[in-house]
Amino acid sequence: MTTPLIGFIGLGVMGEPMCRNLRVRGGHRVLAFDLDPAPLARVAQHGVEAAKSVGELVRTSRILFVSLPSGKVLESLVHADNGVLENLQSGQIFVDLGTSPVALTRTLAAEFERRGVHYLDAPVARTRQAAEEGTLSVMVGGDAGAFETVRPLIACFASDITHCGAVGNGQVTKILNNMVLFETVTALSEARAIARRAGLDPALLFDTLSKGSADSFALRNHGMKAIVPGEFPERAFSVEYARKDLAYALELARDTGVDAEGARHVDALFAAAIERGWGDAYHPVISRVVDDAPSAGMENEE
């Protein structure tokens with residue numbers, strides 16, 4: 001077997017379509033690994049090969065893409081027996097497509113650099129549908145030369161690719177992107193609750209907002225497609241995953257001395273949604289938490 005150019009670990013909600021697009025849209029030879037055999041079987045139909053172990057994949061791939069659910073899982077994979085770190089070879093490029101803490105990213109990058117391996121943090125933004133269509137937005141931190149090497153590969157699953165500077169800066173950008181998104185979804189949830197109680201159709205409100213200065217991606221997607229119809233499916237970007245990303249933002253805020261009051265308010269809503277059993281639901285389900293809250297005005301009248 002000839003050496004595969006690309007290794008891909010993690011075929012989850014976003015990883016599977018990204019891996020498939022490297023093969024289908026890019027025509028690249030891809031060796032993949034996941035603990036679940038189902039996505040491996042699906043991508044095999046498109047010519048993606050399955051590795052027997054993480055160690056085999058790392059040893060036989062020049063460029064390694066990893067798409068995992070959290071920094072904790074990533075760190076475990078890197079340091080596991082027969083895992084990533086002990087099988088690295090000088091000259092490889094490692095690309096973390098997940099959202100991971102900034103401090104962890106920079107620590108891992110230093111470990112990889114000591115082994116002659118470039119570490120790029122390249123978290124992805126947008127939806128599962130964008131991953132399917134190859135129109136994700138990817139924010140990359142790390143060595144400029146390594147970035148240019150992988151840019152054509154990332155273009156197989158992304159339409160917008162931004163080099164954000166030094167290693168860790170891709171994560172900073174993505175974490176803040178998500179923080180702003182979550183706070184916007186909270187504002188939309190509050191607007192819906194106020195409109196409904198004031199006798200205004202929330203669908204009419206959101207449609208009108210989309211034609212003015214309050215228009216946004218969050219309004220047209222999370223607001224009009226989830227909050228208004230009340231559709232919060234599982235296997236989308238769940239409350240649990242959103243809260244994990246928000247925790248990274250709050251950690252970064254503490255490290256930089258910023259009192260992120262808006263983000264802390266969102267975290268409280270996420271906690272309330274999880275307490276009500278909605279942790280696996282699409283994160284705009286926090287609109288139900290907002291909508292169910294008692295009216296402060298009514299309380300004050302008593």
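Let's start with a pair of helices: where H8 and H10 cross, the crossing is right-handed, meaning that the near helix is turned clockwise from the far one by less than a right angle. Helices here are DSSP runs of H or I with at least four residues, strands are runs of E with at least two, and both are numbered from the N terminus. Before going on, note that this is a predicted model, in which local features need pLDDT of at least 70, side-chain atom pairs count only at pLDDT 80 or more, and totals for chains, interfaces and linings use all residues. Residues are numbered from 1 along each chain as its sequence is written, and side-chain values use heavy atoms, with hydrogens and water left out.

Back to our pair. Two packed helices are described by the angle between their axes and the distance between the axes. H8 covers residues 169–198 and H10 covers residues 217–227; their axes come within 10 Å and cross at roughly 50°. The axes are lines fitted to C-alpha atoms over the stretch in contact, with angles from 0 to 180 degrees between N-to-C directions. H8 and H10 are therefore oblique to each other, since under 35 degrees would be roughly parallel, over 145 roughly antiparallel, and 65 to 115 roughly perpendicular, with the rest called oblique.

Which residues of H8 and H10 meet? From H8 come Leu181, Thr184, Val185, Leu188, Ser189 and Arg192, and they meet Ala218, Leu219, His222, Gly223 and Ile227 of H10. Contact means heavy atoms within 4.5 Å. The residues of this contact split into six nonpolar, four polar and one charged. (Ala, Val, Leu, Ile, Met, Phe, Trp, Tyr, Cys and Pro count as nonpolar, Asp, Glu, Lys and Arg as charged, and the others, Gly among them, as polar.)

Now hop over to Ser61, in the loop between helix H3 (54–60) and strand S4 (63–66). Is Ser61 buried or exposed? Its relative accessibility is 3%, so Ser61 counts as buried; the cut-offs are under 20% for buried, over 50% for exposed and in between for partly exposed, with a 1.4 Å probe and protein chains only. The Ser61 side chain reaches the backbone oxygen of Leu57 at 2.8 Å.

Pro69 is partly exposed because its relative accessibility is 32%. Not counting residues up to four places away in sequence, Pro69 touches Tyr241 and Lys244.

Last stop: Gly165, in strand S9 (residues 158–165). Its C-alpha atom is 5.2 Å from that of Gly141, 24 residues apart along the chain.

Terms used:
Polar contact = N/O pair within 3.5 Å; in protein donor to acceptor, adjacent residues only side chain to side chain.
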